[in-house]
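Thanks for coming, everyone. I'd like to walk you through one structure today, so please have a look at the screen.

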Amino acid sequence: MTATSDNSKAASPLAPDWLAVPDDLNALHEPMWAAGVARTGGGELAIDGIPVSELQRQFGTPLFVMSETDFRARARAFQDAFNEAFADICGGVDVYYAGKSFLCTAVVRWVEEEGLRLDTASGGELAVAAMAGIPGAAVALHGNNKSDAEIHRALDMKLGRVVVDSLAELERVAAIASNRGETAKVMLRLTPGVHAHTHEFIATAHEDQKFGLSMAGDSTDRAGLSAAEEAVAAAAGHDSIELLGLHCHIGSQIFEPDGFALAAQKLLDFLAAMQAKYSIVLPELDLGGGYGIAYTSVDTPRPPAEIARAMAAVVRAKVAELGITAPRISIEPGRAIVGTSTFTLYEVGTLKTVRVDAAENVTYPRRYVSVDGGMSDNARPVLYDADYSAILASRASDAAPQLSRVVGKHCESGDIVVRDVYLPEDVAAGDLLAVPGTGAYCWALSSNYNYLARPGVVAVRDGSARLIVRGETEQDLLNRDMGV
């Protein structure tokens, strides 16, 4: 028996439970889109009044389309909300934009102009920061395996903080700084044993993973100190180390506040214990980032003001309970600033419909919509089973909804851009699709698999579009080929 493909809006049995048939396939679910994205009177998607067909004409596809206005507004929202919430606790908050989510020199300048600082995770990201001209004092360096060259660069740039990830790394930073006759400003990254409710690969504060100094009892120290406590004692013994405080990051794409609250409480307990035991006052505490955004219509991100108030309440209560002076708090939002600011524009190529068994003797249609990009510009679905959405962007349509799977052009069956989405039945080759929420970790994770050139990034502001990252050409790909 075969199910028919009629014009009803009944959900397909092949669709996941959370995916409802939209009442209007032309509507935009606002939490997934940057401010300024809307349909024109003719039904075409536009950003700041620029139709997507014009962006394709100027810059080609695939294309990352970013709203500079939206990015700046989200950066300011975090800065303002956290400063207000923590004003009575520690005088405000230092907001570090997590550059690993997406980084280029234009973004560094926006970050600095909006009063934020910058978090980096490699020597390459430090090079971008240096090129953009942001003061080193406003920059942090992360990484679980920093090279000597990266540590030297951090000292050359006089970074405001180097986040040390292990006892061995602490000793290396201390030795390099000592040999240079300098002092390194250091924070210790701890793993508070909090398991964030997110994908295993982006949960980063439980014990069984590569990051951070354990707060549990196991250690290299015979006295039975935790690695975290041993690191505090060791750092205090180095003249070449200025120990600023503690750092943790529990994961990414997190919606519930419980994990952040528990991590803050554990680190404040530890900070108070170190003060009592060693008379070491640690003046700073970084609570990381990881705040979730809307990738689909069922995602419910919290506004920065709500996050800030909840975290401030926990810190305020805990420092009062412990009887200590509150440390200066810092946070590291990345995805929550850049993710929704950007959508990816693709052109549709081939289409096919297959029949899939959904129940005994019943099959249902699933349509495959191939686009001119794929896992080379968005690796998150294949890495993390990440869900995305998509809309027909080049025109409006009153055709019936068809359960579809948006796929790329790579030689991998796992090359899926959007696993499940309802698109109009009349989507055809040459149409444009837009996938929202691609500002974070898409361009940053992009590759040249199958020798595809990585797309460019266009920033739109006040009705004007400009390239901030040039798309690669085939010649770019061949320039590193040294021949035989």
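Let's start on the surface, where Val382, Leu383 and Leu445 make up a nonpolar patch with about 210 Å² of accessible area together. Do keep in mind that this is a predicted model. Leu445 sits in the loop between S19 and S20. Is Leu445 buried, partly exposed or exposed? Its relative accessible area is 32%, so Leu445 counts as partly exposed.

While we're in that part of the chain, look at Tyr441, which is placed in the loop between strand S19 (432-436) and strand S20 (456-461). Its phi is near 65 degrees, a positive value in a residue other than glycine. Tyr441 is buried, because its relative accessibility is 15%, and the cut-off for buried is under 20%.

Now, a word on backbone geometry. Most residues other than glycine have a negative phi, and most peptide bonds are trans. Gln253 belongs to the loop between strand S11 (241-247) and helix H8 (258-278), and it counts as buried at 12% relative accessibility. And which residues does a cis peptide bond join? Those are Thr61 and Pro62, with omega at about -5 degrees. You'll find Pro62 in the loop between helix H1 (52-59) and strand S4 (63-67).

After H3 comes Gly115, with a positive phi near 85 degrees.

Side chains of opposite charge can pair when their charged atoms come close. How many salt bridges does the structure hold? The count is 27.

Let me pick out a few of them. Glu68 and Arg72 form a salt bridge through their side chains, at 2.9 Å from N to O. Both residues belong to helix H2 (residues 68-90), and they are 4 residues apart, about one turn of the helix. Glu68 and Arg72 are both buried. They also take part in a network of salt bridges that links Glu68, Arg72, Arg76, Glu113, Glu114, Arg461, Asp462 and Arg466.

The next salt bridge is between Lys146 and Glu169, with the closest N and O atoms 2.7 Å apart. This pair links distant parts of the chain: Lys146 is in the loop between strand S7 (139-141) and helix H5 (148-156), while Glu169 is in helix H6 (residues 167-179), 23 residues apart. Buried or exposed, in the case of Lys146? Lys146 is buried, because its relative accessibility is 2%. Glu169 is buried as well, with a relative accessible area of 2%.

For another salt bridge, take Arg180 and Glu182, whose side chains meet at 3.2 Å, N to O. Here Arg180 is partly exposed, at a relative accessible area of 26%, and Glu182 also counts as partly exposed, at 26% relative accessibility.

Finally, the aromatics. The count comes to 9 aromatic pairs. For Phe71 and Tyr97, the ring centres are 5.4 Å apart and the planes are at 70 degrees, so the pair is edge-to-face; the cut-off for that class is over 60 degrees. This pair, too, links distant parts of the chain, with Phe71 in helix H2 and Tyr97 in strand S5 (residues 93-98), 26 residues apart. Phe71 counts as buried at 0% relative accessibility, and Tyr97 is buried with a relative accessible area of 0%.

Then we have Tyr295 and Tyr388, an edge-to-face aromatic pair at 4.9 Å centre to centre, with 65 degrees between the planes. Tyr295 is in the loop between strand S12 (284-286) and helix H9 (304-322), and Tyr388 is in the loop between helix H11 (380-384) and strand S16 (391-392), so the pair ties together parts that are 93 residues apart in sequence. Tyr295 and Tyr388 are both buried.

Ring pairs also build a cluster from Phe78, Phe82, Phe86, Phe260 and Tyr291. And to finish where charge meets ring, Lys352 lies over the face of Tyr368, 5.9 Å from the ring centre.

Definitions and conventions. Residues numbered from 1 in each chain as written. Predicted model: local features only at pLDDT ≥ 70, side-chain atom pairs only at ≥ 80, totals over all residues. Heavy atoms only, no water. Salt bridge = Lys/Arg side-chain N within 4 Å of Asp/Glu carboxyl O. Helix = DSSP H or I, 4+ residues; strand = E, 2+ residues; numbered from the N terminus. Buried < 20%, exposed > 50% of the residue type's maximum accessible area, 1.4 Å probe, protein only. Patch = residues over 30% accessible without salt bridge, like charges linked within 9 Å, V, L, I, M, F, W, Y side chains within 5 Å. Areas by Shrake-Rupley, 256 points an atom, 1.4 Å probe, with all protein chains shown as cover. Phe/Tyr/Trp six-rings, centres within 6.5 Å; stacked < 30°, edge-to-face > 60°. Lys NZ or Arg CZ within 6 Å of the ring centre and 35° of its normal.
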